[in-house]
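Thanks for coming, everyone. Let me put the model up, and then we will walk through it.

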Amino acid sequence: MTGRSGPRATARRLPFGGVDALAFAVTTAAMEPLSAAVHRYIGHGPGWVLHRSHHDGPVAGPELNDVIPAASAAATVALFAYGQWGRGRKASRLLTPIAAGATLYGVTYALIHDLYIHRRLSLLPAHVPWLEPFRAAHEAHHRQGWGHWGILSRQRSGLPR
Ligand SMILES: [Zn+2]
Ligand SMILES: [Zn+2]
């Protein structure tokens, strides 16, 4: 087997290497505490003018609070763009796996928070047992206006017995 056609040559041609995979994993893991901190210190702080719309009542159509995830998505698209086409390949190389990690978290957030917990668009089933602890925690946040800042926060109480 020659070096050019063997599995090692194939591995070298993969778009993601070890450092990229690490950047992807670290970003994905860091997004929940980052998102929780943004919710607590910005959403329930100076950003209350936007986030309040989410606490005011049941979600029907678009709400002012949607500006926050839309801005996060736009920032992630900018990271992808700079990672792909930005100057200085060394500086921009890791931006693509970082943006991919942020995207994975963003999709997870939208699925759990918007589509499941708040039943926006009525796309997901109303009751999925393993998702109920996330709903219980987030509903406690809505009732109290405090605590359970992250969307992956779980609460056992409140589960149907
Ligand atoms: Zn909510
Ligand atoms: Zn809140």
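One definition before we start. Helices here are DSSP runs of H or I, at least four residues long, numbered from the N terminus. Keep in mind that this is a predicted model.

Now the overall layout. The protein has 7 helices and 0 strands. Along the sequence, the pattern reads α-α-α-α-α-α-α. There are 161 residues in the protein, and 16% of them count as buried. On contact range: take the contacts between residues at least 6 apart in sequence. Of those, 41% join residues at least 24 apart.

Next, the packing of α2 and α6. Where do these two helices stand relative to each other? Their axes come within 7 Å and cross at roughly 40°. The crossing is right-handed.

Which residues meet there? From α2 we have Asp20, Ala23, Phe24, Thr27, Thr28, Met31, Glu32 and Ser35. From α6 we have Pro97, Ile98, Ala100, Gly101, Ala102, Leu104, Tyr105 and Tyr109. By class, the contact of α2 with α6 has 10 nonpolar, 4 polar and 2 charged residues.

Stay with Met31 for a moment. Leave out residues up to four places away in sequence. Met31 then touches Gly101, Ala102 and Tyr105.

The largest nonpolar core has 8 residues. They are Ala23, Phe24, Met31, Leu79, Ile98, Ala99, Ala102 and Tyr105. Which elements give two or more residues to this core? The elements are α2, spanning 18-43, and α6. The most comes from α6, with 4 residues. There is also a second, separate core of 5 residues. Among its members are Tyr116, Ile117, Phe134 and Ala137.

On to the other helix pair, α6 and α7. They pack at an angle of about 80°, with their axes 11 Å apart. Angles of 65 to 115 degrees count as roughly perpendicular. So α6 and α7 are roughly perpendicular to each other.

Who makes that contact? On the α6 side, Ile112, His113 and Ile117. On the α7 side, Phe134, Arg135 and His138. The residues of this contact divide into 3 nonpolar, 2 polar and 1 charged.

Last topic: backbone angles. Two residues to look at on your screens. Arg119 has a phi near 55°, a positive value in a residue other than glycine. Where is Arg119? In the loop between α6, residues 95-117, and α7, residues 132-144.

The other one is His148. Its phi is positive as well, about 50°, although His148 is not a glycine. His148 lies in the segment after α7.

Are these residues buried, partly exposed or exposed? Here the cut-off matters. A residue is buried if 20 or more other C-beta atoms lie within 10 Å of its own, and exposed if 12 or fewer. Arg119 has 14 other C-beta atoms within 10 Å, so Arg119 is partly exposed. His148 has 20 C-beta neighbours inside 10 Å, so His148 counts as buried.

That is the tour. Questions, please.

Notes: Residues are numbered from 1 along each chain as its sequence is written. Chains are lettered from A and ligands numbered from 1 in the order in which they are written. This is a predicted model: local features need pLDDT of at least 70, side-chain atom pairs count only at pLDDT 80 or more; totals for chains, interfaces and linings use all residues. A nonpolar core is a set of buried Ala, Val, Leu, Ile, Met, Phe, Trp, Tyr and Cys residues joined through C-beta atoms within 7 Å. Two residues are in contact if their C-beta atoms, placed from the backbone, lie within 7 Å. Axes are lines fitted to C-alpha atoms, for helices over the stretch in contact, and angles run from 0 to 180 degrees between N-to-C directions. Angles under 35 degrees count as roughly parallel, over 145 as roughly antiparallel, 65 to 115 as roughly perpendicular and the rest as oblique. Ala, Val, Leu, Ile, Met, Phe, Trp, Tyr, Cys and Pro count as nonpolar, Asp, Glu, Lys and Arg as charged, and the others, Gly among them, as polar. A crossing is left-handed if the near helix is turned anticlockwise from the far one by less than a right angle, and right-handed if clockwise.
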